[in-house]
Amino acid sequence: AHLFHALLRMSLLQLEWLFVIAVVLEWLAEAQVSFVESPKGEVYIPPPGASVKIVRCTTNASASIEWVHSTFGVLNEVVFNIKRENATSSVMILNGTVITLNPAVLGTLTSTQGSIHCQAGMTNSIDFTFRLGAAPSVVTQPSNTTENENGFAIFSCVFAPTLPAPVQMGWIFTNNSGHTMTLQEERHDFGARESVLKISPLKRADAGVYRCVIQNEFAIIYLQPGYLIVRYCDGLVTHQTDRALGRKFTLSKIVVANGTNVIFNVIACSNPPVTEIRLSRSSDGLFFSSSSSDL
């Protein structure tokens, strides 16, 4: 009997040691776990109607992963739509429509009191925060303009501050032949944040439609088009001796004797077309003008 009790005590002591060893081994394993993927900085929740977004925490080895708020503690997997993806990965599925309809969930995720991190045993990921995102919002659309050849044209589009800020802006041009291209910087000055487009010097081929495009991770917005008309003229203004007096409808001064007849042959071309040419009289002389451009 004494021998039996002695062996039993030894067995229990061995079991205790085995348990201690197992705990130590588990502790060492957890201490070696690290995060190879996790959210960082600000993570934006999709606005209502946008596509579902997935954020992920992944470890280098099999581990139990929890999502922990520094103020509110461990986040409930059901309430916050957290799912175990595999032995090393856990994801939070962000559905903006569902989240915004649940003030408690939205308030917890976007609370400015504290931050969130993933936890695997004794290892924590980098802290991050959630913010409710929004699609780009337009304040000012490009407007139509008519400018002279060899001059310049300016289009602008203004957008409201949103989170996240637009990650891409650009201008798309469709010429009068229907060919569409993304503008480069060769003759195009995009200005601050590419919201201002300056085209200089203007050529006839620049006439067409200009559209501003802004995009962030939730939406791409094509603004209403701005139409550019480039005015030009190859015609001459002549008098009866057929001597060229000037281009673009600029007449030099002609002095004739009182009572002398003068015949002007006016040839005009422009874009848009000249629809009417008028002759007016003032104390300084006679002047030509038109309904489509200054002559």
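**Stop one: an arginine and its partners**

Start by selecting R56, which counts as partly exposed, at 25% relative accessibility. Before going on, keep in mind that this is a predicted model.

The side chains of E85 and R56 meet in a salt bridge, at 2.7 Å from N to O. This pair links distant parts of the chain: E85 sits in strand β6 (residues 82-86) and R56 in strand β3, 29 residues apart. E85 is partly exposed too, with a relative accessibility of 41%.

Keep R56 on screen and bring in E37. Here you'll find another salt bridge, between the side chains of R56 and E37, at 3.9 Å from N to O. Again the pair links distant parts of the chain, with R56 in strand β3 (residues 53-59), E37 in strand β1 (residues 35-37), and 19 residues separating them. How accessible is E37? Its relative accessible area is 36%, so E37 falls in the partly exposed class.

Show all three side chains together and you have a network: E37, R56 and E85 are linked by salt bridges.

**Stop two: a bridge between loops**

Next, select R204 and E149. Their side chains meet in a salt bridge, at 3.4 Å from N to O. Where in the chain do R204 and E149 lie? R204 is in the loop between β18 (196-199) and β19 (208-215), while E149 is in the loop between β12 (145-148) and β13 (153-156). The two are 55 residues apart, and the pair links distant parts of the chain.

**Stop three: a serine in a loop**

For the last stop, move to S115. You'll find S115 in the loop between α3 (103-109) and β8 (116-120). Is S115 buried or exposed? S115 has a relative accessible area of 14%, so it counts as buried, the cut-off being under 20%.

The side chain of S115 makes a polar contact with the side chain of D127, at 3.4 Å.

To see what else surrounds S115, leave aside its neighbours within four places in sequence: S115 is then in contact with V68, H69, S70, D127, F128 and T129. Select that set along with S115 and take a look around.

Definitions and conventions. Residues numbered from 1 in each chain as written. Predicted model: local features only at pLDDT ≥ 70, side-chain atom pairs only at ≥ 80, totals over all residues. Heavy atoms only, no water. Helix = DSSP H or I, 4+ residues; strand = E, 2+ residues; numbered from the N terminus. Buried < 20%, exposed > 50% of the residue type's maximum accessible area, 1.4 Å probe, protein only. Polar contact = N/O pair within 3.5 Å; in protein donor to acceptor, adjacent residues only side chain to side chain. Contact = heavy atoms within 4.5 Å. Salt bridge = Lys/Arg side-chain N within 4 Å of Asp/Glu carboxyl O.
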